[in-house]
Structure formats: structure tokens, C-alpha cells
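I wanted to go through this chain element by element and write down what I looked up. The entries below are in the order in which I worked.

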Amino acid sequence: MRRHPLAWADVALVEASPALVFSPPHSSPITHHSFLSFSPVVAYLKQPTLVDFPGRLAAIFFLSGCNFRCGYCHNAALLAAHRDGLPWERIEHAATHFRKHWADGVVITGGEPTLAPELPELIHRLKRHGFAIKLDTNGSRPDVLAAVLPEVDYVALDIKCSPATYPRLTGFAEVGRVAQSLDLLRASARTYELRTTLLEAFHTDDDLREVGQWIDGASRLVLQPFLPREDLPDPALRHAPRTSPQKLRAAAELLRPHVRELICRD
Ligand code: SF4
């Protein structure tokens, strides 16, 4: 999950464009056809940020559709059936604009970007503008990740919880695929981080110990608090308490021995 919630007021949203085939909610992968005219990008932040791509001023591009159903998702508007993408020429225009205004990175996020058939083309086009690329992923499509990894400079992989509890937290049962993505990053990524959003009532110490064993030896883990919002997919979480600093600290102590670097965001 992207750390900073999508603020739709700051987003240049897609204008009307004809959708040829819609993916129904919960489907995977996305099967719409761009026919070379439409990119998979449904929105981008108007201003680049310094907070999403370590060491870079980065533009943020959003792709729609996700094969997980995390009740605490901050980008729920992007979860269901994909939205039509912006025309490629608009992406080219935005990329030129961002380069002129000092951005040197692009974060491709979602939703789950690896569901979009046009992801390789998007990365390729953005690389031609000279951007470093950061890809946010839930790790469910290791084959796609492997295909694009040579052109990606930084990967942020969500490690939601222990393997056994993935179906309960995310609705996604094929956790072996996430494990494959993790193995791939350990073996081949230039730079990567793992990210876990801590839910006070869900992530027990036992669960976190299993996470620690699973990711043991990884280079960087980012722990971030759960933040309640009115538009979360799970109504029960909309007014649940934010993860406490004590819980974050306790989780950090449990997990720090398993990674080379641990970062707590609050
Ligand atoms: S993986 Fe979960 S948090 Fe991330 S976009 Fe999908 S539903 Fe939202």
C-alpha cells in the first residue's frame, strides 16, 4: 500500500475515454485493450514528491485494478474494475513537464501495477525520458516482475503479514507467488524495500515472528501504521484506532534482527 493516501483533489484524473472491455471486480489480470492509444495510467499527482522514492524527486503515476482486497486500502477508488487510461500522448506530455521541473524519478503504483498488460511499455517510455523507476507491487505476479525488473531501479514489495494469514487479510490465497517475488528481489533487484502496514488487532507477535522468519536477510523493511479513513473498504476499520507508537516500536524490535535496515514511518 502506498504510504501516503491518494488525495484525489491533487490528482489529474482521466478524462472520458472509450473502454473496450472492462474487467469485472476481483478479476485478474486486467484484460482491457489499449490498442496503443491508451496508457494504463489512470491518474497522476500534479506535483512530484520527495517522500515516495528515496533520494529522488518523483512523479507518481497510478494504475487501476487490484487482485487483493485489503480492508485498510487507502486507494480503494482504484481497486475495482480498471478505469480507462490516459492517452499515451498525455503521459508523454506529463513526463516532459515533470522532467523540466526537476523530477528525476517516477513511482508507478496502484492498485496493482503488474496487472496492466501495458506496464512494460509504460516503463520503457518513462525510461526514455531519463527517469529512474520505482515500482510498487503486492508481489502477486512474479512473472511480470521478473520481466520488468531489468528496467526498474527500486521495488517496494508489500509484505502484508505472515504467509498463513494472507488470505484473511488480503483475500489473496496464492501467497507462494508473493514468496517468489521476494526471492526474485533478493536475487536480482537493484534496490528494494519491503513494506508492512501494521494493524494493531491483526498483527500479533506470533504473526510478526513468522514474518521475520519469512523475510530473514532482506535488505530493508519499512513499517508503517494503519491509518483510519472514512473511505476504507472495510467499514469496521474506518473508525479503528491508528496503530500506536508502542505497537510500532514492539514490532520493530521483533523484526529488526531479520533485516539489514528497518525504518519506522509514522
Ligand atoms: S494490495 Fe491491498 S492495499 Fe495495495 S492496492 Fe491492493 S487492495 Fe489496496
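**Ground rules.** I am working from a predicted model, in which local features need pLDDT of at least 70, side-chain atom pairs count only at pLDDT 80 or more, and totals for chains, interfaces and linings use all residues. Residues are numbered from 1 along each chain as its sequence is written.

**Whole chain.** I found seven helices and nine strands; helices (H or I, at least four residues) and strands (E, at least two) are DSSP runs, numbered from the N terminus. Of the 266 residues in the chain, 44% are buried. For burial I used C-beta atoms placed from the backbone: 20 or more others within 10 Å make a residue buried, 12 or fewer make it exposed, and anything in between is partly exposed. I then looked at contacts (C-beta atoms, placed from the backbone, within 7 Å). Among those between residues at least 6 apart in sequence, 75% join residues at least 24 apart.

**Core.** The largest nonpolar core has 66 residues. Such a core is a set of buried Ala, Val, Leu, Ile, Met, Phe, Trp, Tyr and Cys residues joined through C-beta atoms within 7 Å. The members that touch the most others are Val 41, Tyr 44, Ala 59, Phe 61, Phe 62, Val 106 and Ile 133. Strand β3 (residues 58–63) gives the most to this core, with six residues.

**Helix α2.** Which residues of α2 are buried? In this helix (residues 119–128) I noted Leu 119, Leu 122, Ile 123 and Leu 126. They lie on the same side of α2, because they cover an arc of only 95° around the axis; the arc is that of the directions from the helix axis to the C-beta atoms. An α-helix has 3.6 residues a turn, so residues three or four places apart point the same way. His 124 and Arg 128 are exposed on the other side of α2. The buried residues pack against β2 (41–45), α1 (88–100), β4 (105–109), β5 (132–137) and α3 (142–148). Just after α2, Gly 130 has a positive phi of about 95°.

**Helix α6.** In α6 (residues 205–215) I listed Leu 208, Val 211 and Ile 215 as buried. Their arc around the axis is only 50°, which puts them on the same side of α6. Asp 206 and Gln 213 are exposed on the other side. Gly 217 follows α6, with a positive phi near 95°.

**α6 against α7.** I checked how these two helices cross. Their axes come within 9 Å and cross at roughly 40°; axes are lines fitted to C-alpha atoms, for helices over the stretch in contact, and angles run from 0 to 180 degrees between N-to-C directions. α6 and α7 are therefore oblique to each other, since angles under 35 degrees count as roughly parallel, over 145 as roughly antiparallel, 65 to 115 as roughly perpendicular and the rest as oblique.

**Single residues.** Leu 185 is in helix α5 and counts as buried, with 24 C-beta neighbours inside 10 Å. Trp 102 lies in the loop between α1 and β4 and counts as exposed, with 8 such neighbours inside 10 Å. Phi of Trp 102 is positive, near 80°, in a residue other than glycine. The peptide bond from Gly 110 to Gly 111 is cis, with omega near 10°. Gly 111 lies in the loop between β4 and α2.

Conventions:
Two residues are in contact if their C-beta atoms, placed from the backbone, lie within 7 Å.
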